[in-house]
Amino acid sequence: MHQPTTEPRRSIYYQYQVHPATLRPAAAALGQPDSAPVVIAGAGPAGLVTALALAQQGVRTVLLESQLQVSEGSRAIVFTRRSMEILQQVGAADAVVRSALPWRFGNSFYRGERVFRMEAPHDADQRFFPMTNLQQQYLEEYLFDAVAEQPLIELRWGHALTRILRHDGERAEFEVDTPGGSYVQQADWLVAADGARSGIRQMLDLRMEGAAYEGRFVIADIRVDLPLPTERLAFFDPVWNPGNTVLMHREPHGIWRIDYQLPAGETPEQALAPESLKARIDAQLAMVGHKGKSWELDWCSVYSARAMTLPDYVHGRVVFVGDAAHMLPIFGVRGANTGFQDAQNLGWKLGLVAKGVAPLALLNSYSTERVGAAREIIDEAGKSTRFMTPPSRGFRLLRDAVLSLSLSEAFVRPLFHWRTSRPHVHADSALNDPGDDNALFSAGPADGAPLPNLRLADDDYLLDHLCGSAAGAFTLLLFAPQAALDPVVQAWRQRGVLLQVLQLPDPQGRLRQHLGVPGDGAAYLLRPDQHVCARWLNLTPDRLDAALHRID
């Protein structure tokens with residue numbers, strides 16, 4: 001299937017690369033169009049997580065990847081606690097933890113002085129740190145390992161979707177080009193996970209809503225030994241790059257990411273010229289106290305900030321996910337992290353629809369929930385982006401006034417906060433049960449919020465019980481046995497819905513306290529993506545059945 005390359009490359013990263021002999025022959029040679037329940041175009045992080053989530057629902061998936069190896073360059077490097085929880089659900093978190101760098105502090109500097117220090121909450125009850133640094137190549141490698149263990153996922157390297165023939169009614173049909181020729185592929189559903197430059201989005205002539213910002217950043221990964229902590233470093237108006245912003249992050253394996261804003265009018269070609277890169281990286285290293293430090297360029301690119309989304313993620317039999325659905329600024333680590341939440345949300349819903357367990361209308365909730373999340377992120381990301389890269393003279397005057405005041409006035413310093421990505425609360429979801437007791441709870445996650453990953457014992461956390469064999473299932477969390485619920489549970493299981501009943505030991509009452517549970521009759525109902533859809537002070541069979549019928 002896929003093998004690690006043994007050929008020397010410019011990048012230090014271990015990569016998957018497929019041997020030409022393992023490429024799947026063009027289906028056209030068989031004389032008939034190929035067919036699958038779900039085809040995913042794009043094997044980046046969002047596409048891989050979607051495929052794994054569908055496999056947990058028992059749905060067979062074909063995964064098309066136009067390249068012959070994982071992505072080149074670090075690209076996404078910062079993953080949030082919520083993303084780690086999603087990666088745990090699909091079986092990749094342990095590998096990430098073994099090689100990644102966790103962190104929780106961010107620092108903003110102006111004129112050589114640290115003017116703001118962000119501290120993300122973290123305590124012993126949390127399995128994962130608020131932030132985890134790992135290059136995207138490694139993340140994709142671990143996700144490919146998980147895919148290789150899934151017999152329901154067929155990964156086709158070097159297969160590029162080139163033309164959509166139909167995408168409504170009962171199926172999608174499209175042409176796929178490969179090194180061995182082209183073929184026609186049919187699918188009940190096509191998932192567009194083909195990135196920010198989505199060809200599928202262009203084929204369907206879809207337009208995004210939002211804003212594109214003028215500021216450009218060079219993203220440069222350098223191999224260098226720096227005795228600096230694993231913390232976000234942001235430098236405003238540095239001497240060597242006046243009026244602009246520079247970011248630094250430590251990555252695993254001796255790599256540092258440096259992002260620096262370009263002066264207006266400079267082209268990407270000029271910015272990536274070797275002499276330009278050397279002068280600016282040398283200047284940044286000198287600014288952090290390491291003038292003349294030897295370094296080696298590993299990868300570089302130019303990035304432009306955009307905050308845009310499709311207004312609808314479902315178009316006939318085509319569903320958009322990740323960067324194909326939205327383009328978000330890097331400030332606040334929103335891109336890949338938002339894509340993971342998309343994929344987790346889509347996976348269980350499309351799985352139920354593809355199996356015929358739930359109606360097509362269930363996908364409307366995917367679009368509504370995730371478009372709402374993207375618009376909330378765009379609003380927040382816009383504020384961060386306008387501070388990092390002021391789009392007009394007025395914004396620059398305001399930003400510069402904050403910078404100047406921050407040297408002496410503490411009250412302005414929180415304006416440097418970069419509004420880190422966080423899990424979206426689907427408070428208005430159509431899947432939330434309006435007849436539950438949500439308003440009567442004094443604590444705990446409300447309807448639409450993700451379940452917190454509370455530590456239950458040494459190396460035992462609440463979300464551990466929603467992963468493994470339970471991944472992809474609805475979970476009914478009880479605090480005492482309730483045999484009267486068994487017929488409803490069995491009826492929904494027979495219908496094809498994965499539903500586990502979970503009652504955990506809680507001798508000290510910590511779980512009850514954190515979830516606001518007052519008595520033995522209380523219960524939480526969790527969606528397969530670990531978001532609460534109902535909670536009751538007193539649960540009856542009829543109330544449980546009504547809540548589960550929200551997927552109809």
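Here is a friendly conversation about a predicted model, with the reasoning behind its labels.

User: What should I know about the model before we start?
Analyst: The model is predicted, and local features need pLDDT of at least 70, side-chain atom pairs count only at pLDDT 80 or more, and totals for chains, interfaces and linings use all residues. Residues are numbered from 1 along each chain as its sequence is written, and side-chain values use heavy atoms, with hydrogens and water left out.

User: Why is aspartate 34 called buried?
Analyst: Buried means under 20% relative accessible area, with exposed over 50% and partly exposed in between (1.4 Å probe, protein chains only). Aspartate 34 has 16% relative accessibility, so this residue counts as buried. Aspartate 34 belongs to strand β3, residues 34–41; a strand is a DSSP run of E with at least two residues, a helix is a run of H or I with at least four, and both are numbered from the N terminus.

User: What makes the pair of aspartate 34 and arginine 156 a polar contact?
Analyst: The term needs a pair of N or O atoms within 3.5 Å; within protein, one must be able to donate a hydrogen and the other to accept it, and residues adjacent in sequence count only if both atoms are side-chain atoms. The side chains of aspartate 34 and arginine 156 make such a contact at 2.5 Å.

User: How does the span of helix α7 compare with the expected value?
Analyst: The expected span is 1.5 Å times one less than the number of residues. Helix α7, residues 274–287, has 14 residues, and its reach of 20 Å from first C-alpha to last is close to the 20 Å expected.

User: Why do we say that the buried residues of α7 line one face?
Analyst: Those buried residues are Ser276, Leu277, Arg280, Ile281, Gln284 and Leu285. Seen down the helix axis, they fall within an arc of 150°, so they line one face of α7. The arc is that of the directions from the helix axis to the C-beta atoms. Just after α7, glycine 289 has a positive phi of about 90°.

User: What joins strand β24 to β25, and how is the crossover between them handed?
Analyst: The two strands run parallel and are joined by 5 bridges, with threonine 475 opposite glutamine 500 in β25. From β24 the chain passes through helix α11, residues 486–495, to β25 in a right-handed β-α-β crossover. Right-handed here means that, with the strands pointing away from the viewer, the path from the first strand over the helix to the second runs clockwise.

User: What makes β25 and β27 the edge strands?
Analyst: The open sheet has 4 strands in the order β25-β24-β26-β27, with mixed pairing. Both β25 and β27 are edge strands: each pairs on one side only. Within this sheet, 4 bridges join β24 to β26 in an antiparallel arrangement, and β26 and β27 also pair in the antiparallel sense over 4 bridges.

Conventions
Pairing = 2+ DSSP bridges.
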